[in-house]
Amino acid sequence: MLNKYARAFFTRVLTPFAAFLIRRGVSPDAVTLLGTAGVVAGALVFFPRGEFFWGTIVITLFVFSDLVDGNMARQLGRTSRWGAFLDSTLDRVADGAIFGGLALWYAGSGGDNMLCAVSIFCLASGQVVSYTKARGEAIGLPVAVNGLVERAERLVITLVAAGLAGLHTFGVPGIQILLPIALWAVAAGSLVTLIQRMVTVRRESAEADAEAAAASSQESGTGS
């Protein structure tokens with residue numbers, strides 16, 4: 001849902017900014033690299049120290065680069081396999097930094113090994129969810145399912161909760177509970193999404209194998 005509606009909205013909003021960067025001679029790849037560096041820095045500098053509000057602000061500013069670089073490439077008419085590969089690869093790096101930063105907080109000053117484990121599970125499951133689709137497509141299957149919680153949902157749920165939880169340092173009582181709730185929700189949603197994609201790939205592979213067997217049998221019958 002977020003990919004369908006929110007991405008379209010922000011793409012329209014950011015189009016003038018993308019055009020401005022093009023006029024200044026900035027390349028889409030440079031925006032991709034800068035955006036990832038900003039997210040990683042925001043996550044690994046602020047989150048391990050429990051500065052969730054400011055960390056979320058920094059990360060959010062740089063997360064929009066994921067929309068800007070693609071917009072620039074389309075305006076330039078230079079969409080490429082390399083650009084898609086770079087963007088997808090660095091998305092995984094950014095996601096790892098966000099959940100890794102949260103895990104470091106809970107393993108250290110946050111003092112909660114259970115939430116540290118949940119953060120690590122969110123990190124790992126997010127990577128595997130992306131891998132299942134990429135791997136399924138690599139073996140020729142459509143993987144015609146998105147699942148309950150995709151990357152956009154994982155980021156929005158986690159960052160909104162982290163930003164609000166950070167208001168605790170400004171004197172808002174009890175609000176820090178939102179982050180643990182969000183992490184558990186993302187973990188559960190990622191697990192459901194992983195199962196959905198695995199079930200879909202199993203079904204599609206069985207159908208593809210059956211079609212291949214039927215075609216082979218038909219060719220054998222024709223040849224005889």
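Two elements, α7 and α8 (178-223), each give two or more residues to the nonpolar patch.

The model is predicted, so local features need pLDDT of at least 70 and side-chain atom pairs count only at pLDDT 80 or more, while totals for chains, interfaces and linings use all residues. Residues are numbered from 1 along each chain as its sequence is written, and side-chain values use heavy atoms, with hydrogens and water left out.

**Helix α7**

Next, select residues 151-165, which form helix α7. This helix gives the nonpolar patch its largest share, three residues. Helices are DSSP runs of H or I with at least four residues, strands are runs of E with at least two, and both are numbered from the N terminus. The 15 residues of α7 reach 21 Å from first C-alpha to last, close to the 21 Å expected at 1.5 Å a residue; the expected span is 1.5 Å times one less than the number of residues.

Colour α7 by accessibility. Eleven of its 15 residues are buried, so the helix is largely enclosed by the rest of the structure. Among the buried residues are Arg151, Arg154, Leu155 and Ala165. Here buried means under 20% relative accessible area, exposed means over 50%, and partly exposed lies in between (1.4 Å probe, protein chains only). Val156 also lies in α7, but counts as partly exposed at 41% relative accessibility.

**Salt bridges**

Display the charged side chains; the whole structure holds seven salt bridges. Each is a side-chain nitrogen of Lys or Arg within 4 Å of a carboxyl oxygen of Asp or Glu.

Centre on Arg151 and Asp95, whose closest N and O atoms are 3.0 Å apart in a salt bridge. Arg151 lies in α7 and Asp95 in helix α5 (residues 81-107), so this pair ties together parts that are 56 residues apart in sequence. Arg151 is buried at 17% relative accessible area, and Asp95 is buried at 5%.

Move to Glu150, which forms a salt bridge with Arg197 at 4.0 Å between the closest N and O atoms. Glu150 sits in the loop between α6 (113-138) and α7, and Arg197 in α8, so the pair links parts that are 47 residues apart in sequence. Both residues, Glu150 and Arg197, are buried.

Arg203 is partly exposed at 41% relative accessibility, and Glu207 is partly exposed with a relative accessible area of 41%. Now select Asp91, Asp95, Arg151 and Arg154, which salt bridges with shared partners join into one network.

**Helix α3**

Finally, select residues 52-63, helix α3, where the end C-alpha atoms are 16 Å apart, in agreement with the 16 Å that twelve residues should span at 1.5 Å a residue. Its buried residues are Phe52, Gly55, Thr56 and Ile59. Viewed down the axis of α3, they fall within an arc of 95°, so they line one face of the helix; the arc is that of the directions from the helix axis to the C-beta atoms.
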